[in-house]
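Student: Could you zoom in on one part of this model for me? I'd like the charge pairing and the helix packing in one connected story.

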Amino acid sequence: MNFIRNTIAVLVGLGIAGLIITLGIRVFPQWITFEAFAPFEHWQRFLYSMRGDNAFFGFLLFISGLGTTIGGVATALIVKYAKVAYAILIGFIMLFIAMLDVIVFPYHPTFYKISIFLTFFPFSWIGGKIVEIIYERNKKKKIADKMNKTK
């Protein structure tokens, strides 16, 4: 049962990260060069139209980090054990997808190619740590409440 729960947690985390990246790209109307909701259907044409816009790629790094953090939080909330590890798994999968993107499509600036390695793992780790800290505080609070009631 834990396997199914963990698999669903990873899929939910990846879905949330992808949704946040999609919504982030759609924030600025000048970046919308596509008809569909998500830019991923025509990603090569979209990246070609953005190839000289360093602000877009900087924002893409930011929104990818934010999406990975929130996806890591969602994953860590759903899994039962190893919350930080599963959040980092979200970061690893997102990094793998970003590396494939950089390898397949040659339109990314150099700073983006380097920065993806510095973005996904730390942000997903932060997402897992947020949940872990919340759970630890709740556990300490429950223990303190039990101790106070017995006195």
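Tutor: Lys129 and Glu132 form a salt bridge, with their closest N and O atoms 2.7 Å apart (a Lys or Arg side-chain nitrogen within 4 Å of an Asp or Glu carboxyl oxygen). This is a predicted model, where local features need pLDDT of at least 70 and side-chain atom pairs pLDDT 80 or more, while totals for chains, interfaces and linings use all residues. Residues count from 1 along each chain as its sequence is written, and side-chain values use heavy atoms, without hydrogens or water.

Back to our pair: Lys129 and Glu132 sit three residues apart in helix H5 (residues 110–150), which means about one helical turn separates them. Helices here are DSSP runs of H or I, at least four residues long, and strands are E runs of at least two, numbered from the N terminus. A search of the whole structure turns up two salt bridges.

The unreviewed UniProt entry lists "transmembrane region" at residues 7–28, 55–79, 86–108 and 114–135, though such annotations may be inferred rather than shown by experiment. Residues 114–135 are 100% helix and 0% strand, with end C-alpha atoms 34 Å apart. For residues 86–108 it's 83% helix and 0% strand, and the end C-alpha atoms are 29 Å apart.

Now the packing around H4 (residues 83–104). The axes of H4 and H1 (residues 2–25) come within 10 Å and cross at roughly 50°; axes are lines fitted to C-alpha atoms over the stretch in contact, with angles from 0 to 180 degrees between N-to-C directions. The H1–H4 crossing is right-handed, meaning the near helix is turned clockwise from the far one by less than a right angle. Asn6, Val10, Gly13, Leu14, Ala17 and Ile21 of H1 touch Tyr86, Leu89, Ile90, Ile93 and Met94 of H4 (heavy atoms within 4.5 Å). Those residues split into nine nonpolar, two polar and no charged, with Gly counted as polar and Tyr as nonpolar.

H3 (residues 54–78) meets H4 too: their axes come within 8 Å and cross at roughly 140°, so H3 and H4 are also oblique to each other. Their crossing is right-handed. Thr68, Gly71, Gly72, Thr75, Ala76 and Leu77 in H3 meet Lys83, Tyr86, Ala87, Ile90, Gly91 and Met94 in H4. This set divides into six nonpolar, five polar and one charged.

Conventions:
Parallel < 35°, antiparallel > 145°, perpendicular 65-115°, else oblique.
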